[in-house]
Amino acid sequence: APRTAAGRVVPEPQRPLPAPKDTAVDPAPQAAVVFKVMRLTRPSFNSSIPAVSRLPGDHFEEQDECHELQSSSTWDVSELGLSETLTLPAGFGNIYLGETFTGYISVANNGLGDLQRVVIKVELQTGSKRSTLLDNSTSPIATFEAKKNLEYLVEHEMKEACTHIMQCTASYLERTGEEKKIRQYFKFQVNKPVSVNTKIHMMLESVFLENQVQNISQSPLFLNAVTFEQSSSYNMTDLNDLRPPEMQTETGPLNLIGDTHGELTYLKPGDVRQYLYKLQPKQGPLDPHDKNAGNLGKLEMKWRGALGEPGRLHTYVNMVQWKLPPKREIELSIASMPENIFLEEPFEVVWSVKNCTDKPCTLQIYMPPDCDRPVVACGACNQVLPPLAPGASTTASAHLIALLPGLQSLTGVSVLDIATQKTHTLSAPVQIMVELGETDERLPV
């Protein structure tokens, strides 16, 4: 024990004993302002299956038969004395991309005194951006009385399929003049209702765009419209409209005969619909490696849910997203040929040759005299072209003859780069229809 200068012992102050574990501790003071958020949405149909009991006189022989009857989806519940019921959502429910989120926000003053200069701010944050849904900082609430609450409605279109965090902030002055700020967070997930799988097919000088739309939600969808808006570099032909050209300009829904999928496009969960569009460049040949021509357009979809709730989604289609074949150094194609080609009658073909490299080159068109092919050269087989500057093109004519009737493939023709000794074939396969002459009565082989 410590001692004084006189040698007297001074007792140490007694330390307080630790409180027992079962001693009650006063809880932390509750915040004066509390937020509550509720999503405003339509109710859903109650999908529970009514119970079936065996009554005297029933003729259920096997339990499997009873189970099959209970699981049938063709029952009319009105025959059992039941009515269709609706179920209110227990939480936020399923929120899908393209829908409009509508929220009810209640701000309560749970304190014992009034609050001054109350500013309410609600923000919705994702991984890429932050959106302000409510902000009254320009006109704050002068007095927020105790045990009162404020109500607000906010709306926001869901444009990202990811986790969303709603941040609710309240700043105010207490009676003592102290400024305080309270934040509350509400997190929810936004999912994709539909999956769009896009495929690009290039044929000759056209691009065929195939879009597969699948319902990946848990409820049925009714597609109001699926449209494709092409970019300024292309002309578009809608291959889903089978009506005559003079009727395709009419507005309104398509009839059951003209539309590929019928007047009503109803997608159950997991169903897939395919839409096909043909795109042709407005100027010059198709060059998938051209950056200006890479943007094909925008695919837009509009739908309604089981209870009529609207939704929409659009996606941009660009050829850069796909692995395209390597760009050709020399492009060889057919510029012109006769519409009617007859068996064993010479016809003229005009070749188009383009130098796609950054160096000048000298080329030679070559077609071997092979009689085993259905279409062979008639006359000179080799032709040397004048030197081509980078990006320049030229034409050359040749005479061919068909040895077999019917639909035949034009093969064997190639272009040889004299400097590098590289051989280049046709840029796209070419097929011709060979007809029998008026005096030729032989059957096609």
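Is Arg-130 buried, partly exposed or exposed? Keep that in mind as you start the tour.

This is a predicted model, in which local features need pLDDT of at least 70, side-chain atom pairs count only at pLDDT 80 or more, and totals for chains, interfaces and linings use all residues. Residues are numbered from 1 along each chain as its sequence is written, and side-chain values use heavy atoms, with hydrogens and water left out.

**Stop 1: the salt-bridge network**

Select Arg-130. Arg-130 counts as partly exposed, because its relative accessibility is 44%. (Buried means under 20% relative accessible area, exposed over 50%, and partly exposed in between, with a 1.4 Å probe and protein chains only.)

A salt bridge joins Arg-130 to Glu-123, with the closest N and O atoms 3.1 Å apart. (A salt bridge is a side-chain nitrogen of Lys or Arg within 4 Å of a carboxyl oxygen of Asp or Glu.) Glu-123 counts as buried, because its relative accessibility is 9%.

Lys-121 has 30% relative accessibility, so it counts as partly exposed. Show the three residues together: Lys-121, Glu-123 and Arg-130 are linked in a network of salt bridges.

**Stop 2: another pair**

Select Glu-174 and Lys-180. Their side chains meet in a salt bridge, at 3.3 Å from N to O. Glu-174 is partly exposed, because its relative accessibility is 23%. Lys-180 is partly exposed too, because its value is 31%. How many salt bridges does the structure hold? There are 6.

**Stop 3: the open sheet**

Switch to a cartoon view. Look for an open sheet of 4 strands, in the order β16-β14-β18-β19, with antiparallel pairing. At the edges sit β16 (265–267) and β19 (310–318), each pairing on one side only. Neighbouring strands of this sheet are turned by 30 degrees against each other on average, direction ignored. (Strands are DSSP runs of E, at least two residues, numbered from the N terminus; two strands pair if DSSP finds at least two bridges between them. Axes are lines fitted to C-alpha atoms, and angles run from 0 to 180 degrees between N-to-C directions.)

Select residues 221–230, strand β14, and residues 295–304, strand β18. The two run antiparallel, joined by 8 bridges. Finish at Phe-228: its bridge partner in β18 is Leu-299.
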